[in-house]
Amino acid sequence: MQAITAYDIAKAASGVLMTGNGDVPVTGMTLDSRCVKPGDLFVAIPGERCDGHDFAAKAIEDGCSAVLISSRRDEAAVAALKNGAALIKVADTQQALLDLAEWYLSQFPALIRIGVTGSVGKTGTKEMLRHIFEEKYRTICTEGNHNNLLGMPMTALHVDADTEAAIFEMGMDCFGEVHAMAKVARPQAGLITNIGVSHMESLGSRENIRKAKLEMTDFFDSNCTLILNRDNDLLADFLDHVADRTAYKIVTGGRTEPRTDEDLIIEDLEDFGADGISFVLRRGGNPGETQRFRLPLPGKHNACNASLAVAAGLAFGISMKEAAAGLEKLKEADKRLRVQQAGQILLIDDTYNASPDSMRAGLDVLASLAAKRKIALLGDMLDLGSDTDRFHKEVGEYAAARGVSVLWTLGEKARFMAEGAAESNPGAEVRHFSDREEMKTKLQALVKEGDAVLVKGSRAMAMEEMAEIIKQLQQTKE
């Protein structure tokens with residue numbers, strides 16, 4: 001973070017400097033009082049379990065230069081006076097953080113700004129963008145899962161004078177969230193990986209999900225580019241009915257035929273199982289510009305995400321050859337479709353989250369592996385709305401179609417996965433568990449040498465516990 005003053009913060013956040021020196025320099029920021037470093041701004045965020053205001057005084061005592069608060073704390077005021085810190089009061093600290101980040105990014109007019117969203121594949125695509133842009137530019141991007149209204153402005157505040165490109169992952173649960181992040185980031189290019197069924201419960205329809213994702217373009221002008229997966233049905237519908245009326249440019253990637261000479265088409269796609277995939281990207285007309293890519297990530301679906309990331313690179317002067325060099329350096333994101341050798345088995349730990357699309361992608365990777373048995377341990381998928389039972393049953397049917405020989409499911413809705421699989425393939429071993437501890441106990445006798453195992457479910461299902469049991473069991477056998 002480039003140094004700013006407490007006065008800068010108060011003005012940007014529409015706040016009032018209550019105590020302290022307005023000229024005090026601020027060189028970092030945190031929302032966690034346990035992570036305060038000298039020179040930091042501590043932003044006190046009220047939460048469901050704890051209120052950051054309760055830790056404001058401790059943050060000051062630990063050396064922070066300034067604190068943003070929305071409710072008065074006498075102990076914080078005393079600490080600020082004693083330690084020479086600036087105490088800044090605002091109406092709403094979360095909104096103040098967004099306003100501060102928006103002002104801060106405006107100080108870097110030459111910065112390349114990329115936004116990425118979508119129902120699934122955001123984080124993987126963000127990492128692809130990072131590796132591509134690092135081939136040419138000093139790049140920062142959203143770390144971990146900090147893709148919400150708190151994490152995204154924190155990423156913005158990590159930009160400094162040396163940063164040439166910033167990549168912002170934008171997640172959302174409802175209307176308005178992507179809009180708020182786009183207002184901060186003002187991306188010059190935005191990627192939408194797909195429109196699925198995640199957040200159906202809160203948004204009601206896939207059309208509404210698309211509308212919420214397209215909020216990324218709310219601040220686009222004629223110099224901006226929207227990059228879409230044209231293989232996705234709702235994005236293809238947008239291209240057919242809306243694209244010609246937009247003020248901004250649209251470029252697409254995918255396996256279907258390109259629309260324009262700037263679109264990218266995936267050809268000659270090869271799947272090497274746990275060793276990743278290889279494919280050719282062709283730009284526009286025939287023969288056009290072509291480049292072979294090798295991704296050390298499992299799953300054919302990654303080719304489409306890569307085509308979008310490459311299109312973003314091309315928009316900012318990164319050649320396909322440079323992009324290919326960057327993508328070869330990729331590694332699997334933590335708990336997202338990681339294929340790892342665990343003793344004498346292959347384990348696909350994809351326990352970060354789950355939706356019908358990502359479940360099918362995980363099952364595709366499982367099917368691509370060479371193994372004696374293909375085993376899937378699947379938990380509930382959440383936030384799918386009124387059709388949740390059907391979505392779960394369809395995943396079970398897909399598991400059967402992809403040759404899963406053992407399917408164990410966990411959770412209230414996952415029983416429909418078991419039903420779908422059992423009906424589609426009566427010869428498969430299908431078992432449903434309502435009790436987590438029973439599944440853990442039975443799991444100890446399930447996995448055998450030569451198996452490949454997929455573990456996946458929504459975040460609240462904590463399916464990583466099953467993955468850890470499998471790892472521990474394999475360690476005891478070594």
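This is a predicted model: local features need pLDDT of at least 70, side-chain atom pairs count only at pLDDT 80 or more; totals for chains, interfaces and linings use all residues.

Trainee: Okay, does Lys-211 count as buried or exposed?

Mentor: Lys-211 belongs to helix 9, which covers residues 206-213. Its relative accessibility comes to 54%. The cut-off for the open class is over 50%, so Lys-211 counts as exposed.

Trainee: What distance separates the C-alpha atoms of Lys-211 and Ile-195?

Mentor: Along the chain, Lys-211 and Ile-195 are 16 residues apart.

Trainee: Now helices 13 and 14: how are they oriented to each other?

Mentor: Helix 13 spans residues 356-368 and helix 14 spans residues 388-401. Their axes come within 10 Å and cross at roughly 10°. Angles under 35 degrees fall in one class, and therefore the two helices are roughly parallel.

Trainee: Which residues of helix 14 make the contact?

Mentor: On the helix 13 side you have Pro-356, Met-359, Arg-360, Leu-363 and Asp-364. By class, the contact has seven nonpolar, no polar and two charged residues. The helix 14 side is Phe-391, Val-395, Tyr-398 and Ala-399.

Trainee: And how much space lies in the largest cavity?

Mentor: There is one cavity of 30 Å³ or more in the structure. The lining of the largest cavity includes Ala-399, Leu-407 and Asn-425, and by class it has seven nonpolar, one polar and no charged residues. The space inside is about 30 Å³.

Technical notes
Residues are numbered from 1 along each chain as its sequence is written. Side-chain values use heavy atoms; hydrogens and water are left out. On a 1 Å grid over the protein atoms alone, a cavity is a set of points where a 1.4 Å probe fits but cannot get out, and a pocket is an open set with protein on both sides within 12 Å along at least five of seven lines; lining residues have an atom within 4 Å of a point. Grid points are joined across faces, edges and corners, and a volume is the space filled by probe spheres set on the points. Ala, Val, Leu, Ile, Met, Phe, Trp, Tyr, Cys and Pro count as nonpolar, Asp, Glu, Lys and Arg as charged, and the others, Gly among them, as polar. Helices (H or I, at least four residues) and strands (E, at least two) are DSSP runs, numbered from the N terminus. Buried means under 20% relative accessible area, exposed over 50%, partly exposed in between (1.4 Å probe, protein chains only). Axes are lines fitted to C-alpha atoms, for helices over the stretch in contact, and angles run from 0 to 180 degrees between N-to-C directions. Angles under 35 degrees count as roughly parallel, over 145 as roughly antiparallel, 65 to 115 as roughly perpendicular and the rest as oblique. Contact means heavy atoms within 4.5 Å.
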